[in-house]
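Subject: Structure for your review

Dear colleague,

Please find below the structure that I am handing over to you. My notes on what was found in it follow.

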Amino acid sequence: MVKRAAFIAPVLIALTAAAMSAQEPGPFPPPKTEPAIVTPGRTSADPPSDAIVLFNGRDLSHWRGKDGSPPAWTVRDGYVEVAPGTGDITTADKFGDVQLHIEWATPAIPKGEGQERGNSGAFLMDRYEVQVLDSYENKTYYHGQAGAVYNQHAPLVNASRKPGEWQTYDIVFHAPKFDEQGKVIDRARVTVLHNGVLIQNNVEIYGITYHDRPALYIAHPLEEPLHLQDHGNPVRYRNIWIRRL
């Protein structure tokens, strides 16, 4: 028995050493490009130096109505408010992979229940919705509440503030990729922080966030507009900025 143990020990040592050697990373070439200098904002809510400010509290020059006409939403006191019945608004510029900061507030006096209370939405690439909703003590289906990837992913937690209070979304979005035949080869992914709380952790988006049918991908250009939804509620927005990644 002693001789057998003496024989096995060197074999185990050799196998362990081989396994460790196989796991060691090879040499990595050093980056050839120096990281660009970006000056951060004064606070985490302020736009960094390379951001595009989509709404500065004064005008909607970066926005259009869905038909290309000037947007009919109301701008006052540093915010823009949905004018119910006038339709969604979209950015004049188009985007792919982005970091997006957006602040929003639902009406201070709640009206309705569930999806009828403070409903709007931020649609990345004009198709993939991060839900905006008054979800403070307001029950609805889980993948339809504030911060949901609509009809696909419920938020990890409900980080909603009271009606009328300003709230923030910080979103990192990676656009989907399609092959030459229009088949999706990489699904879109999104990470969302709601009021500084992680609520979507690099989740896959399964396709267009329909409300009445299963999600699916339909091939589209590499860049598309951001759009904000008119769902019939006077939701307010302010301090909207975006960075291309």
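Strands here are DSSP runs of E of at least two residues, numbered from the N terminus, and two of them pair if DSSP finds at least two bridges between them. In that sense F123 stands opposite H227 in β14. Please note that the model is predicted.

Confidence

The pLDDT of the chain averages 92, and 89% of the residues score at least 70. Residues 1-5 remain under 50, and the model gives them zero contacts beyond four places in sequence. Where pLDDT is low, the predicted coordinates should not be read in detail.

The open sheet

An open sheet is formed by five strands in the order β2-β5-β14-β7-β8, with antiparallel pairing. Its edge strands are β2 (63-65) and β8 (128-132), each of which pairs on one side only. Within this sheet, two bridges hold the antiparallel pair of β7 (residues 120-124) and β14.

A further set of pairings

Strand β9 (residues 167-174) has antiparallel pairings with two strands that I would draw to your attention. Seven bridges connect β9 with β6 (residues 98-105); V98, for instance, has F173 in β9 as its bridge partner. Six bridges connect β9 with β12 (residues 189-194), and here D170 is partnered by L193 in β12.

The largest pocket

The largest pocket holds about 270 Å³ of space. Its lining comprises 17 residues, and those nearest the centre are F123, E129, T209, H211 and Q229.

Q229 is found in the loop between β14 (227-228) and β15 (236-244). Is Q229 buried or exposed? Its relative accessible area is 14%, so Q229 counts as buried, the cut-off being under 20%. Beyond its neighbours within four places in sequence, Q229 is in contact with W73, V82, D88, N119, S120, G121, F123 and E129. Two of the residues in that list, F123 and E129, are also named among those nearest the centre of the largest pocket.

N119 belongs to the loop between β6 and β7. With a relative accessibility of 2%, N119 is likewise under the 20% cut-off and therefore buried. Apart from residues up to four places away in sequence, N119 touches Q131, V132, L133, Q229, H231, N233 and V235. As for L133, its C-alpha lies 4.5 Å from that of N119, although the two residues are 14 apart in sequence.

Backbone angles to check

Which residues have a positive phi of about 55° although they are not glycines? M125 is one of them, and N202 is another. M125 sits in the loop between β7 and β8, whereas N202 is part of strand β13 (residues 197-204). Their accessibility may also be set side by side. M125 has a relative accessible area of 3% and is therefore buried. For N202 the value is 35%, which lies between the limits of 20% and 50%, so N202 is partly exposed.

With kind regards

Methods
Residues are numbered from 1 along each chain as its sequence is written. This is a predicted model: local features need pLDDT of at least 70, side-chain atom pairs count only at pLDDT 80 or more; totals for chains, interfaces and linings use all residues. Side-chain values use heavy atoms; hydrogens and water are left out. On a 1 Å grid over the protein atoms alone, a cavity is a set of points where a 1.4 Å probe fits but cannot get out, and a pocket is an open set with protein on both sides within 12 Å along at least five of seven lines; lining residues have an atom within 4 Å of a point. Grid points are joined across faces, edges and corners, and a volume is the space filled by probe spheres set on the points. pLDDT is the predictor's confidence in each residue, from 0 to 100. Contact means heavy atoms within 4.5 Å. Helices (H or I, at least four residues) and strands (E, at least two) are DSSP runs, numbered from the N terminus. Buried means under 20% relative accessible area, exposed over 50%, partly exposed in between (1.4 Å probe, protein chains only).
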